[in-house]
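Colleague: I would like a close look at one part of this model, with the terms spelled out as you go. Please keep to what can be read from the coordinates.

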Amino acid sequence: MSEIEIRDDRAAGRLEAVGAGEVVGHIEYFVLESPARALVPVHTIVEPAHEGKGIAGSLARELYALAAREGVPVAPLCPYVVKWAERHPETAPPADPELLSAAEAWLRAHPDRF
């Protein structure tokens with residue numbers, strides 16, 4: 001994988017992979033506040049020209065690292081992040097079912113967000 005920088009644009013709800021000055025992939029997420037604070041990834045997108053370079057995995061790994069630095073769990077709704085977490089249990093602890101249910105309810109209540 002070429003030189004990729006991952007940056008968190010919390011205001012936009014995006015964790016972005018940037019290479020050569022352009023966004024080549026991102027995870028869209030929101031911050032759940034109740035019943036507990038958690039990061040909730042909803043979509044992972046990698047530009048077609050950059051697929052197969054490990055960008056999505058790097059984004060997922062950084063999302064879990066970001067959550068760990070903030071002391072909050074991840075409640076993944078994104079199918080890619082769910083699969084990634086299953087393959088990396090040492091980095092991605094299982095999500096609390098209560099948080100997953102709350103995240104799904106939040107997403108249903110905010111249909112225009114994603």
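How many strands form the open sheet, in what order do they come, and in which sense do they pair?

Modeller: The model is predicted, so local features need pLDDT of at least 70 and side-chain atom pairs count only at pLDDT 80 or more, while totals for chains, interfaces and linings use all residues. Residues are numbered from 1 along each chain as its sequence is written, and side-chain values use heavy atoms, with hydrogens and water left out.

The open sheet has 4 strands in the order S1-S2-S3-S4, and the pairing is antiparallel. Strands here are DSSP runs of E with at least two residues, helices are runs of H or I with at least four, and both are numbered from the N terminus. Two strands count as paired if DSSP finds at least two bridges between them. In general, strands of a sheet pair through backbone hydrogen bonds, either parallel or antiparallel. S1 and S4 are the edge strands, each pairing on one side only. From one strand to the next the twist averages 25 degrees; axes are lines fitted to C-alpha atoms, for helices over the stretch in contact, and angles run from 0 to 180 degrees between N-to-C directions.

Ile 6 stands opposite Ala 17 of S2, and Asp 8 has Leu 15 of S2 as its bridge partner. This hairpin has 4 residues between the strands, and Gly 13 takes a positive phi near 70 degrees.

Helix H1 lies across S1, S2, S3 and S4, running at about 165 degrees to S4. The axes of H1 (residues 55-70) and H2 (residues 79-87) come within 10 Å and cross at roughly 75 degrees. The two helices are therefore roughly perpendicular, a label for angles of 65 to 115 degrees, with under 35 counting as roughly parallel, over 145 as roughly antiparallel and the rest as oblique. With contact meaning heavy atoms within 4.5 Å, the residues involved include Ala 60 and Tyr 64 of H1 and Trp 84 of H2.

Rings of Phe, Tyr and Trp (its six-membered ring) pair if their centres lie within 6.5 Å; planes under 30 degrees apart are stacked, over 60 edge-to-face and the rest tilted. The count by this rule is 3 aromatic pairs. Phe 30 and Trp 106 are stacked, at 3.8 Å centre to centre and 20 degrees between the planes. Phe 30, at 4% relative accessibility, is buried, whereas Trp 106, at 21%, is partly exposed; buried means under 20% relative accessible area, exposed over 50% and partly exposed in between (1.4 Å probe, protein chains only). Phe 30 and Phe 114 form a tilted pair, 6.0 Å centre to centre with 45 degrees between the planes. Because Phe 114 lies in the segment after H3, that pair ties together parts 84 residues apart in sequence. Phe 114, at 26% relative accessibility, is partly exposed. Phe 30, Trp 106 and Phe 114 form one aromatic cluster.
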